[in-house]
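User: Please explain how the terms used for the ligand site follow from their definitions.

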Amino acid sequence: MDKMRLLFVCLGNICRSPSAEAVMNAVVEKHGAAGRFEIDSAGIIGVHEGGPADSRMKRFARKRGYQLNSISRPVKPEIDFEYFDLVVAMDDENVRDLLAMAPNEAARAKVVKMTDYAQSMGYDEVPDPYYGGEDGFILVLDLLEDACEGLYQQLTS
Ligand code: 4NP
């Protein structure tokens, strides 16, 4: 069976989407399903391309046992929309930007929002923590742990 290919996307690919990638990797691992998934992340903008995840995000993620190792890269529309099965945006602006860069209708149909898979948390976006305080990074992880489990359940039910 082909692996399910998931691409998590935020604005800069240094806070939310690298965290989503790590949390989702942990979720599939926990369920013994790591071999059935291929998980990556990317950003709408390329200004952090080639760099590591944000040091604050890494610190809060590590406290929960997640190692953020991914290197920032921008979305490559012609490749990513073909290769990945699902493109998971963190907020409404990401959704709009992804829909605008999607090359065709099949690509647009792959764009979803992370919080659509929330199980218990009542947020409709994963808020950008970049310019805010420490609480924002904790909220990102809370939302991602809730919604990644929900995404896994939906994909495997
Ligand atoms: P992210 O956070 O989209 O969760 O990676 C941001 C990172 C960088 C910037 C904005 C948001 N930036 O403007 O550089």
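Analyst: The model is predicted. A polar contact is a pair of N or O atoms within 3.5 Å. An N or O atom in the side chain of Asp128 is 3.3 Å from an oxygen atom of the ligand, so this pair meets the cut-off of 3.5 Å.

User: Why is the ligand said to sit in the largest pocket?

Analyst: The ligand sits in the largest pocket because more than half of its atoms lie within 2 Å of the grid points of that pocket. The volume of the largest pocket is about 150 Å³.

User: What makes Ile45 a lining residue of the largest pocket?

Analyst: Ile45 is among the residues that line the largest pocket, which means that Ile45 has an atom within 4 Å of a grid point. The lining divides into 7 nonpolar, 3 polar and 2 charged residues.

User: How are the residues around the ligand divided by class?

Analyst: The shell has 6 nonpolar, 3 polar and 2 charged residues. Among the residues around the ligand are Arg16 and Asp128, which count as charged because Arg and Asp belong to that class.

How values were computed. Residues are numbered from 1 along each chain as its sequence is written. This is a predicted model: local features need pLDDT of at least 70, side-chain atom pairs count only at pLDDT 80 or more; totals for chains, interfaces and linings use all residues. Side-chain values use heavy atoms; hydrogens and water are left out. A residue is near a molecule or strand if one of its heavy atoms lies within 4 Å of it. A polar contact is a pair of N or O atoms within 3.5 Å; within protein, one must be able to donate a hydrogen and the other to accept it, and residues adjacent in sequence count only if both atoms are side-chain atoms. On a 1 Å grid over the protein atoms alone, a cavity is a set of points where a 1.4 Å probe fits but cannot get out, and a pocket is an open set with protein on both sides within 12 Å along at least five of seven lines; lining residues have an atom within 4 Å of a point. Grid points are joined across faces, edges and corners, and a volume is the space filled by probe spheres set on the points.
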